[in-house]
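Student: Could you walk me through this one? I'd like to start with how the chains meet and then look at some side chains.

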Protein chains: 2
Amino acid sequence: MSRSIYLAGPEVFLPNAKEQGEAKKALCQRYGFSGLYPLDNELDESITSSQYAQALAWAISAGNEQLIQQADVIIANLTPFRGASADVGTVYELGLARGLNKTLLGYSNDPRLFVDRTKALFAPAEPAFDLNGDEIMMDRDGLAIENFELHDNLMIEGGIRLAQGCFLTHETALAERLTDLSAFEALLRWLVEH
Amino acid sequence: MSRSIYLAGPEVFLPNAKEQGEAKKALCQRYGFSGLYPLDNELDESITSSQYAQALAWAISAGNEQLIQQADVIIANLTPFRGASADVGTVYELGLARGLNKTLLGYSNDPRLFVDRTKALFAPAEPAFDLNGDEIMMDRDGLAIENFELHDNLMIEGGIRLAQGCFLTHETALAERLTDLSAFEALLRWLVEH
């Protein structure tokens, strides 16, 4: 039986979420893997009452956790989503897969460092400096900005590293940031070789 | 031996991160638990070379994962952080704890629904409507906004629910949002009773 890969990422929020999933699954198959796509694409079902909305959410959550349980590998699209960091749903799934001792792979279609991206969005109006003249990495609310030459919060790349997985970045046009599959395909090649 | 609780949350980025950790640990002790605070408060160490920065990041990541491994419970501060969602480091840790079958507890000091918070930050200039006249929940980039009457991405509250844990919200003044411990203490009481 071919190894299965859970396809985590914020593309479930795209208008063509299903097509994106199909494209990823087709690539998986080309490399000899079986792709498992999350159920979040049921988002577009008509939701009327609050009780029904929550019941649907619980069903999607349980379904996705089950898919991760049965997968051998997770490939997480960690491209920034509505801010400086990756989509929290994807990050939760990456952590879950780590706890279940799966193979962890991740990619981001934004090669900028986390510190630069965070500063671009949340830097104070005037930079602050310490007694040595070094810039203090702090946002406009006085909260520390991680400065580790990584691409997001250290737990993310750190977890992938602890799992002896692989994290890649790839530069794309802004419009293709959530959909470009070059880095995704590079990770499939990495899997074949490892 | 008393049950131990991993204290996940973005307060590690506060200028008084250590004091916040001490306050949480003291509360844990008062309820008969032992609190484990993440190592991210080493953030303020002077970091010079890129190699050293990454080595420090890997050490913090490995240390935090080890603390989560040894904890019986995680209490995650899921208050929004630099956007509509919780801190991704905290969310990764929650997922990891779920995969390790720990008791999952979480709180947010922002009681607003995720859909309302996301719309407040990312709604298009003009709302869009479907053929039935219902508003289409879509952000200004055309990405779907989750509308499940939950407080963040559904995987978060969904995971806590699957683990039979507890998620609470509490309304605080903006300035106390990351530091108010009312909901945290309520979860300690919940733990004592369950």
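Student: How many residues of chain B are in contact with chain A?
Tutor: Before we count, this is a predicted model, where local features need pLDDT of at least 70, side-chain atom pairs count only at pLDDT 80 or more, and totals for chains, interfaces and linings use all residues. Residues are numbered from 1 along each chain as its sequence is written, chains are lettered from A and ligands numbered from 1 in the order written, and side-chain values use heavy atoms, leaving out hydrogens and water. Contact means heavy atoms within 4.5 Å. On the chain A side there are 57 residues, and on the chain B side the number in contact is 57.

Student: What area is buried between chain B and chain A?
Tutor: Buried area is the accessible area (1.4 Å probe) that two parts lose on being put together, summed over both. Carbon and sulfur atoms give 71% of it, and the total is about 4800 Å².

Student: Which residues of chain B lose the most area to chain A?
Tutor: Look for three residues that together make up 18% of what the chain B side buries. They are B:R82, B:Y92 and B:M155.

Student: How many salt bridges are there between chain B and chain A?
Tutor: A salt bridge is a side-chain nitrogen of Lys or Arg within 4 Å of a carboxyl oxygen of Asp or Glu. One between the chains pairs A:R98 with B:E65, with the closest N and O atoms 2.7 Å apart. The structure holds 14 salt bridges over all chains, and between chain B and chain A the count is four.

Student: Which helix gives the largest share of the side of chain B that touches chain A?
Tutor: Helices here are DSSP runs (H or I, at least four residues), strands are runs of E (at least two), and both are numbered from the N terminus. In chain B, α2 (50-70), α3 (88-99), α4 (114-122) and α5 (154-162) each supply at least two residues of that side. The largest share is 11 residues, and it comes from α2(B).

Student: B:D139 forms a salt bridge with which residue?
Tutor: Start in the loop between β6 (135-136) and α5 of chain B, then cross to the loop between β3 (73-77) and α3 (88-99) of chain A. The closest N and O atoms are 2.8 Å apart, and the partner of B:D139 is A:R82.

Student: Is B:R112, which meets B:D110 in a salt bridge, buried or partly exposed?
Tutor: The N to O distance in that pair is 2.8 Å. B:D110 counts as buried because its relative accessibility is 1%. B:D110 also forms a salt bridge with B:R117, at 4.0 Å between the closest N and O atoms, and B:R117 is buried too. With a relative accessible area of 39%, B:R112 is partly exposed.

How values were computed:
Buried < 20%, exposed > 50% of the residue type's maximum accessible area, 1.4 Å probe, protein only.
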